[in-house]
Each structure stands twice: as C-alpha cells, then as structure tokens.
Amino acid sequence: MNPAVFEVQDLTVRFGGVTALDGVSLRHDSGGVVGLIGANGAGKTTFVNVLSGVVRPARGRALLDGHDLTGLPPHLIARAGLTRTFQNLRLFGSLTVLEHLLVPYGARRHGRQRALTLLAEVGLTGTESRHPAELAYGEQRRLELARALALDPRVVLLDEPLAGLAGSESDELMTLFGRLRDGGTTLLLVEHDVPSVLRISDRVLVLDRGRLLADGTPAEVASDPEVRQAYLGDDDVRD
C-alpha cells in the first residue's frame, strides 16, 4: 500500500482533565478538499494544531507521505510539505506584502518572481509594497494563504479561512480553493460555514467531543442521522 498523503493513528490530546482528541485514526490517500466540521470544542483546531506541530499529542502519530511528523517543530513540518493558515491572522506588521512571501524563500533563486506569481494567483497584484494594516480584511486572509503556499506544500491546513468575510469575499476564496485543488494541492478545510464545506469538499470528516463521528462524501455526511442530531440540529431525525 502506498503511503497516505496524510494520516493520523490513534491521535489523543489532553489538556489537563479535558480530552480534546480521543483516539482519532484516519488516512487520506488522494488530493482534493477534505472538510472538517464539528461544534465548538469538538477538537477541530486541536487536530490541525497536532498536524502542524503546534501541539504534541499524548498518544498517537501524524504522518505526511508516510513520514512521521510527530514531535517535529512547525518550521520543519512546513519544510516537509505541510503548511497552514490560522483562525486568527498571524501577519507581521513590519513587513510588506511582498516581504511576507520572500521570507520563506530566503536566498533561493527566482524567489521574487515566484512571490509575485503567488500574489497574482490570490488576487493581490498591486499590493506588494503595502503593510498588512493597509489591506482590507479579505486581502489579509489571501495574504496569509499566499504565504502558506510559498513553499509549494503538498497539504495546506485552512483553519476557519472564511471567518469574518462578506459573502462575495467568501465566494472568491472558495473559487481560489477550487483552483488549488485542481492544481493538485490537498486542502484540509476547517470551517463553521457548513454549506460552503459541503459544496466544495470531496470528503467530509465530523468530530464530536474529540472523536471521529462520521467520514464520507458530503452527501453521505449530510444525511447521516447521528451527524444531524449531534451537529446539524435536526431534532426530527429518528432511528
């Protein structure tokens, strides 16, 4: 069997007496968009934090293309091919838009041209010399995405990327996600906007109190009685 694009095995995370993830195991063998949904406190951000090296699990492993990422610092995980965005933007106020993208390239040849190409791909051409405070919120979101793409990652983790965006801005970002998927980048999309997740995802995971409640196509998950009772709020569902 070929290595999975990403995989977690018996992933368990505890914060004091609270179990944030409880023995989660799954593998994703192909590209596309993987949606991750669940109520507040279900463990979604913790899952992303473990994969990206921000949190170390009490038990279990996280793998990328068969390589164990568990315990590696975030910058090495990013170099290995897994990058992320954050629910709360983490941009540098002292850097220009272009400088945000040049940092990952270091002294690499053609870094500037690649950075300019990325800015064009996310719709930020013309903002190169601006600082984050001079950008609209939606533009800041796209800048963070461009930075996550700068290392040509195999997998990008998107933590609440649509939060705070107007409808048209969300639609534009979703269109961009679709282009990235079509270009071969695997996206793990953590988002409270369930209709958007169901619309763009090829596979949907549902966490409930730290456990994997459901895993399937958008249609399968949307019609799952347990999901509808636990998360989608369908009180009329019967066994």
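Predicted model: local features only at pLDDT ≥ 70, side-chain atom pairs only at ≥ 80, totals over all residues.

Residues are numbered from 1 along each chain as its sequence is written, and side-chain values use heavy atoms, with hydrogens and water left out.

**Stop one: α4.** Select residues 111-121, which make up helix α4. Helices here are DSSP runs of H or I with at least four residues, strands are E runs of at least two, and both are numbered from the N terminus. Now highlight Gly111, Ala115, Leu118 and Leu119, the buried residues of α4 (buried is under 20% relative accessible area, exposed over 50%, partly exposed in between, with a 1.4 Å probe and protein chains only). Look down the axis of α4: these buried residues fall within an arc of 100 degrees, so they line one face of the helix. That arc is taken from the directions from the helix axis to the C-beta atoms. An α-helix has 3.6 residues a turn, so residues three or four places apart point the same way.

**Stop two: positive phi.** Just after α4, pick Gly123, whose phi is positive at about 80 degrees. Next, jump to Asp10 in strand β1 (residues 6-15). Asp10 is not a glycine, yet its phi is positive, about 55 degrees. Its relative accessibility is 30%, so Asp10 counts as partly exposed.

Finish at Glu160, in the loop between β7 (155-159) and α6 (167-182). Glu160 has a positive phi near 55 degrees, again in a residue other than glycine. Is Glu160 buried or exposed? At 4% relative accessibility, Glu160 counts as buried.
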